[in-house]
Amino acid sequence: MANHKSSIKRIRQDKKKALHNHYYAKTMRNAVRKLRALTDKNEAEKLYPSVQKMLDKLSKTNIIHKNKAANLKSSLAIHINKLG
């Protein structure tokens, strides 16, 4: 266990921030899963900008890596283009 007051506070802050990051990462994964499950191209095209915006925000705040966001956006765009 930490002995310094500042390290105890840091542990407390880290727990809070980790919980916050897990929530947003899980929300992002669910949104991506929902978009991949769609079979209608029009619905997928309507949902894509909001998912794209979410990925950009999460990569900007370092919750996910910027390359992971780019890879997800690319694969989702390919998925939407394949829908007929």
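## Contacts and overall fold

Among the contacts in the chain that join residues at least 6 apart in sequence, 59% are between residues at least 24 apart, where contact means heavy atoms within 4.5 Å. This is a predicted model, in which local features need pLDDT of at least 70 and side-chain atom pairs count only at pLDDT 80 or more, while totals for chains, interfaces and linings use all residues. Residues are numbered from 1 along each chain as its sequence is written, and side-chain values use heavy atoms, with hydrogens and water left out.

The chain contains 3 helices and 0 strands, and its pattern along the sequence reads α-α-α. Helices (H or I, at least four residues) and strands (E, at least two) are DSSP runs, numbered from the N terminus.

## Dimensions, surface and charge

The radius of gyration of the chain is 17 Å, whereas a compact globule of 84 residues would have a value near 12 Å; this radius is taken over C-alpha atoms, and the globule rule is 2.2 Å times the number of residues to the power 0.38. Along the principal axes, the C-alpha atoms fill a box of roughly 60 × 20 × 15 Å.

Of the 84 residues in the chain, 23% are buried, a class that means under 20% relative accessible area, with exposed set at over 50% and partly exposed in between (1.4 Å probe, protein chains only). The chain exposes about 6600 Å², and carbon and sulfur atoms supply 54% of that area; accessible areas come from the Shrake-Rupley method with a 1.4 Å probe, and for residues only the protein chains shown count as cover.

## The salt bridge

The structure holds 1 salt bridge, defined as a side-chain nitrogen of Lys or Arg within 4 Å of a carboxyl oxygen of Asp or Glu. Lysine 73 forms it with aspartate 56, the closest N and O atoms being 2.6 Å apart.

Lysine 73 is buried at a relative accessible area of 19%, whereas aspartate 56, at 35%, counts as partly exposed.

Serine 59 lies in helix H2 and is buried, with a relative accessible area of 15%. Leaving aside residues up to four places away in sequence, serine 59 touches Ile64, His65, Lys66 and Ala69.

Asparagine 62 is located in the loop between H2 and H3, where it is exposed at a relative accessible area of 65%. Asparagine 62 has a positive phi of about 60° although it is not a glycine. Most residues other than glycine have a negative phi.

Alanine 2 sits in the segment before H1 and is partly exposed, with a relative accessible area of 22%. Apart from residues up to four places away in sequence, alanine 2 touches Ser7, Ile8 and Ile11.

Asparagine 21 belongs to helix H1 (residues 5-37) and, at 26% relative accessibility, counts as partly exposed. Asparagine 21 and methionine 1 are 20 residues apart in sequence, and their C-alpha atoms are 24 Å apart in space.
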